[in-house]
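Subject: Structure handover

Hello,

Please find the structure below. My notes on what was found in it follow.

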Amino acid sequence: MSVFIRKSVDALILESKDNSKQTLKRSMSLFSLFVLGVGGIIGAGLFSVTGLVAANYAGPSIIISFIFASLACLFSALCYAELSSTIPIAGSAYTYSYATLGELIAWVIGWDLCLEYAFGAATVSSSWSRYFVHFLSLQNIHIPDNLTYSMSDGGLINIPAIFISFVIMLILIRGNKESAWGNIVFVSIKLLVIAAFIFAGLHFFHWSNLTPFIPKNTGTFGHFGLSGIIRASGIIFFAYLGFDALSATAQEAKNPQINMPIAIIGSLLIVTLIYIAFSTVLLGVVPYQLLKSDGNDLAPVATAVSKMGVIDVQGNMHLSYPWLAHAILIGIIFGYISVLMIQFIGITRVFYSMSKDGLVPKFFGTLHKNFQTPAKNTFFFFVLVAILSSTLSQKVLGDMCSIGTLLAFILVCIGVLILRKRQPNLPRKFKTPFMPWVPLLGIGSSLLMMLYLEAETWIRLIAWLLLGLDCYLFYGIKNSKMRQSIEGQRVNNVHLVYYTALVSSIILIISGLYYQTVVGWQTSKFVLILTTIWSVGHIVLYTIKLVTQHNAVQNTKAHT
C-alpha cells in the first residue's frame, strides 16, 4: 500500500452528513461565517505591520504590495471555495489534500497548518499583550516587563498573552454558536475604529507624502524598489490570514456547499478594500519614514493620529481628535479577540480531522459531551500557544506563520487541479473560474513570495517539516485508519519518505551555510550549529532506516 493512499471523496461527503453526537454541530449561518472571516483576517497585520513594512521595505508602494498579496490570496480563495463546497468537512487544506494528493502530503499539510495557526495565534496574542499593557499604563497600572515579554525579547513569561488565550479557549469550548455573538460585537468595534481613522485622516491627507510612490532601492535586496514591494507582500501576507482558517469550519456550517464559497470570497474582498483604504490614508497623513515603531507596536497608527491637528505660532501641535488614539487602542484590544478565535478554530479542527483518521492520538478527536466541541484539543493548543508566546519573538512567530500559510495555499491550488483531472464529473456547487490559470497563478504568486522571505525563515520551515516526517513515520503511518481498514497490506514506497527526509536535511545544511554567508562569518554561528546538528542527526537516522529496509528486502528475496 502506497504512502500516497487517498481517501475517497464520496466517503468524505458521506462523513460530512453524519449527525451523530461524535460529530461537530452545524450551527453557523452565512452571516456568522462572514463575520468570522472578516474578524479573523483584520488584526495585527493591519495595525502594526503596515507601518513597519512601509518604513523599512516598500514606502508608499506598500499599497501595491497589499494588492499583490490580495491577488495571491484571491487565487487561493477561489480554490478553497471550490474544495470547501465539494468536500464540506472539517480539516481545511488537510482534508482536501488527503482526497487529492494522498496521505503523506495530507500529513505534511496538516503539520504545516499546525505551524500556521499555532504560530499565528501566538503572534496575535503577543501583539494583543503589547496593546493591553499600553492601555493599562494609561490608567497608571504597570506590569513588570519580564511578565509581559517573551524570553526572546528579554522577558520571562508573557502573562497577558496567556490570559487572552485562556479566555479564547473558554469561549470556544462553549461552542461556535455561542461564540458567534461575541465575535459579532468584537468585529463591529474593530470596523468602527477603522472607519473613524479613515474619515478623520482624510482631513489631513497630503498627496506629497506618497511621493516618490516607489522609493529607489537602497542597494540592498528587498529594501525598496521592486524587490522591496515583493518582499513587503510576503511579510504583510500575515495580514490576510484568516479566510483559509474559515474553511476549517465547513463541518459546522449550515448549507456549506453554498455558504462557504460566499463567506470565503466575500470576506477576502471586503478586507482587501479596507486594507487599501487604511494604508493609503495612513501614508497620506504621515511620511513613511516616520512609521518606525522602535519596539512599540502601536506607534504606526499613533504616529498618524499625532499628525492630525493644527500647529500654533509657537510650533505646538493641537490634536483635532485626541480621543482617536484611545478609541483605536480599545478597538484593537477587542478586535484581536476575533482574530484569535479563528486561529484557534483552524488548528483544533485540523487536528480533530487528523485524529479521526488515526494520524494523531485519539485525544485530539474527543468531543465534550455537552457542547460537542473538541475541548481537550482546544486546551492542548492553548498550552502550546502560551509556550510559544512566552518564548519566541513576534517577528519569528509572524514569519513562520506567513511561510506556512503560503505553502498551504500552494498545495490547495495543486489539489484543485488534480481533483478536476481525476473526478471531472464530481458535483460542485462552486467551480473555480478560468481553469487552470487561477490555480497556476495562485501557485506562482505564493511561491514567489516564499522565495523573497528571509533564509532564516526557510531554515525554520524545513526543520519543522523534518520533525513532522518523524512524527508521521513513528506514529501516523502505523495508526492510519485507512491502512487498518485494509489488513495484510505492506506499506510500499516508504523509502520515498526516507529519501525526502535525507534531501530535506541536505537542503537544511545548505540553507544554514547560505544564511551564515549573508549575515557574515564573523557573527554568531548558533543558527548554523543548530541546523547542522539537526540535519546530521536526521541523515544518520534515515540512512540507517534505508539500510535496514534494504536488508529486509534482500532477506525476503533470499527466502523466496
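The side chain of S445 reaches the backbone oxygen of G442 at 3.3 Å. S445 sits in helix α16 (residues 437-451). This is a predicted model, and every value here is computed from it. With a relative accessibility of 8%, S445 counts as buried. Not counting residues up to four places away in sequence, S445 touches F68, A72 and F75. S445 and G234 are 211 residues apart in sequence, while their C-alpha atoms are 9.8 Å apart in space.

Helix α4 covers residues 62-86. Its 25 residues should span 36 Å at 1.5 Å a residue, and the end C-alpha atoms are 36 Å apart, which agrees. Of those 25 residues, 20 are buried, so α4 is largely enclosed by the rest of the structure.

Salt bridges

The structure holds 3 salt bridges. Side chains of opposite charge can pair when their charged atoms come close.

- E82 pairs with R420, with the closest N and O atoms 3.0 Å apart. This pair links distant parts of the chain, since E82 is in helix α4 and R420 in helix α15 (residues 394-422), 338 residues apart. E82 counts as buried at 0% relative accessibility, whereas R420 counts as partly exposed at 21%.
- R130 pairs with D153, the closest N and O atoms being 3.1 Å apart. Here too distant parts of the chain are linked: R130 lies in helix α6 (residues 103-138) and D153 in the loop between α6 and α7, 23 residues apart. R130 counts as buried at 18% relative accessibility; D153 is partly exposed, with a relative accessible area of 33%.
- E456 pairs with R460, and the closest N and O atoms are 2.7 Å apart. Both residues lie in helix α17 (residues 455-479), 4 residues apart, about one turn of the helix. An α-helix has 3.6 residues a turn, so residues three or four places apart point the same way. R460 counts as partly exposed, with 23% relative accessibility.

H538 is found in helix α20 (residues 526-559). Is H538 buried or exposed? At 5% relative accessibility, H538 counts as buried, because the cut-off for buried is under 20%. Its side chain makes a polar contact with the side chain of D470 at 2.7 Å. The side chain of H538 also reaches the backbone oxygen of W534, at 2.8 Å. Leaving aside neighbours within four places in sequence, H538 is in contact with L466, D470, L502 and S505.

L502 and S505 are among the buried residues of α19. Others on that list include V494, V497, Y498, A501, L508 and Y515. Helix α19 (residues 494-519) has 26 residues and reaches 38 Å from its first C-alpha to its last, close to the 38 Å expected at 1.5 Å a residue. Just after α19, G520 takes a positive phi of about 105°.

L241

L241 is found in the loop between α9 (225-236) and α10 (243-246). With a relative accessible area of 3%, L241 is buried. Which residues is L241 in contact with, leaving aside its neighbours within four places in sequence? They are G40, I41, Q343, C401 and T405. L241 and C401 are 160 residues apart in sequence and 8.7 Å apart in space, C-alpha to C-alpha.

Surface

M151, L156, I157 and I159 form a nonpolar patch on the surface, and together they have about 360 Å² of accessible area. I159 lies in helix α7 (residues 159-174) and is partly exposed, with a relative accessible area of 41%.

Overall figures

The protein has 20 helices and 2 strands. Of its 560 residues, 57% count as buried. The accessible surface comes to about 22700 Å², of which 68% belongs to carbon and sulfur atoms. Among the contacts with a separation of 6 or more, residues 24 or more positions apart account for 81%.

Regards

Terms used
Residues are numbered from 1 along each chain as its sequence is written. This is a predicted model: local features need pLDDT of at least 70, side-chain atom pairs count only at pLDDT 80 or more; totals for chains, interfaces and linings use all residues. Side-chain values use heavy atoms; hydrogens and water are left out. Patches are made of residues with over 30% relative accessible area and no salt bridge: like charges are joined within 9 Å, nonpolar side chains (Val, Leu, Ile, Met, Phe, Trp, Tyr) within 5 Å. Accessible areas come from the Shrake-Rupley method with a 1.4 Å probe; for residues, only the protein chains shown count as cover. A salt bridge is a side-chain nitrogen of Lys or Arg within 4 Å of a carboxyl oxygen of Asp or Glu. Buried means under 20% relative accessible area, exposed over 50%, partly exposed in between (1.4 Å probe, protein chains only). A polar contact is a pair of N or O atoms within 3.5 Å; within protein, one must be able to donate a hydrogen and the other to accept it, and residues adjacent in sequence count only if both atoms are side-chain atoms. Contact means heavy atoms within 4.5 Å. The expected span of a helix is 1.5 Å times one less than its number of residues.
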